[in-house]
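Colleague: I would like to go through the terms used for this model one by one. Please set each value against its cut-off.

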Amino acid sequence: GFIVFHNGIPVTNYWYLSQPEPLNLDWDDPWYSRFENPNLKRPHQSSVTSYVYVEPYEVRHEIVIRVQDLAPWLDRKISRDAILKPTDLQQIREQAIQLFSERPQTTIDGEDPAPIVDQLQFLKVDSRGIFQVLPEDQPQAAVSTILGITLAFPNERIPQKIEMEWDLFSDRIQSIATTTTDPAGPFPYTLTPDDNVLVWDNFLKKYQLPTVEYLSAKNRIRIPVVTLLGLAGAIAAGLWLYRQRQKQAFKPWNYLPLVGCLTFGFLSYPFTQVGLGASSILVKPVSETEAELIFAQLLRNIYRAMDFREESDIYDKLAVSLDGDLLTEVYLQNQRSLALENEGGAIAKVEDIEILEVTREDTGERQGEQAFRTRWTAFGTVQHWGHHHQRLNQYDAILSLTPIDGAWKITDIELLEESRLQ
């Protein structure tokens, strides 16, 4: 078994040699050194690769391109043996941001939105074809340095149509490998100078946009308004019936108003009850089983809030399920615990949670507050620079539950343990 490198660039992944295999070395640019056997290659070979992610609240476009191949569009000349100093990397960063803020021309639902440059990193590809982040405060070999840039297009919903028109072709770059990923899965496509528009149409027929919803708190005291009106009518009918008897004008059908009011009030009882406001004094305490269902929804709300980009949007969505200083605390804690350090800080998005155990603790300090020790897992994924990563964390915490303005909210979190399972 063997791996081949040419000037630090992997030519092939780990393969077994079962027969003689010719290797053609490109001395002008070792990136293009190849075995004649197409099976003997590294996973990532394209000098330009495009990854488009269509997500509930944004479209994200990641472009990975070799610095040497990018140089002509930056009006720079980079020789094969050049070493890029930190000042060079900073200049390339600034030029690349300006270039990709306009290219490729992107249209979403007929509009031309301005992208947000979410991330720009310098990378290298290892023998497995996985990108590793390079430090920008150290010199880097130009021949193996790759630039990765992420452009974000925030959206209030899943778009119906996306078009990206490419013009970054050259003598060396005659094809661009693209992958568009939506909730239904990845769709690879290859762009060429004659077919240079990447098109995505929304064929998601049954997809439901995930939302953050208030979870109403049930009141302990509920008044059957219509039943009470029926009872009042029955009392009035009874007084009228009594007077009829006193006047000796009683008839058998005089009972009809009394019977009618009683029947109407009885039948309407289950359907016409009204709660007395949102006071925490009037809210019914929840059982451990009920708390498990409530925490499942509130925690999903919290993780779903992280799908938004603007901090103001994140805070507004967190406020649906959290109260007080917890907003900032939970936001920062989530960013730390779900970050992928070796991927330059990319954040995994939580796709599912599972409540493992809920046990009642002492009541909280606030009026109406109920505390429960809760264990749960959060499963998250991140697709970054074309690779799929998974993250599974387990948490053990005491969560305090309080009804505020008619909705359940988590008002305190005492984190006891956090562990990374995957």
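Colleague: Which residues form the nonpolar patch on the surface, and what is their accessible area together?

Modeller: This is a predicted model, in which local features need pLDDT of at least 70, side-chain atom pairs count only at pLDDT 80 or more, and totals for chains, interfaces and linings use all residues. Residues are numbered from 1 along each chain as its sequence is written, and side-chain values use heavy atoms, with hydrogens and water left out. The nonpolar patch consists of I3, F5, Y14 and Y16, with about 480 Å² of accessible area together. Patch residues have over 30% relative accessible area and no salt bridge; nonpolar side chains (Val, Leu, Ile, Met, Phe, Trp, Tyr) are joined within 5 Å and like charges within 9 Å. The areas come from the Shrake-Rupley method with a 1.4 Å probe.

Colleague: What makes E156, E310, E311, D313 and D316 a patch of negative charge?

Modeller: These residues gather on the surface, and Asp and Glu count as negative. The place of the charge is taken as CG of Asp or CD of Glu.

Colleague: Why is E310 called partly exposed?

Modeller: Its relative accessible area is 41%. Buried means under 20%, exposed over 50%, and partly exposed in between, so E310 counts as partly exposed. E310 lies in the loop between α5 and α6 (311–318); helices here are DSSP runs of H or I with at least four residues, and strands are runs of E with at least two.

Colleague: How does the span of α5 compare with the span expected?

Modeller: Helix α5 (residues 288–305) has 18 residues and reaches 25 Å from its first C-alpha to its last, close to the expected 26 Å. The expected span is 1.5 Å times one less than the number of residues. Buried residues of α5 include F295, L298 and Y303.

Colleague: Why is the pair of D109 and R157 called a salt bridge?

Modeller: The closest N and O atoms of D109 and R157 are 3.7 Å apart. A salt bridge needs a side-chain nitrogen of Lys or Arg within 4 Å of a carboxyl oxygen of Asp or Glu, so the pair qualifies. D109 lies in the loop between β8 (105–108) and β9 (116–125) and R157 in the loop between β12 (146–154) and β13 (161–165), so the pair ties together parts 48 residues apart in sequence. D109 is partly exposed at 29%, and R157 is partly exposed at 44%.

Technical notes:
Buried means under 20% relative accessible area, exposed over 50%, partly exposed in between (1.4 Å probe, protein chains only).
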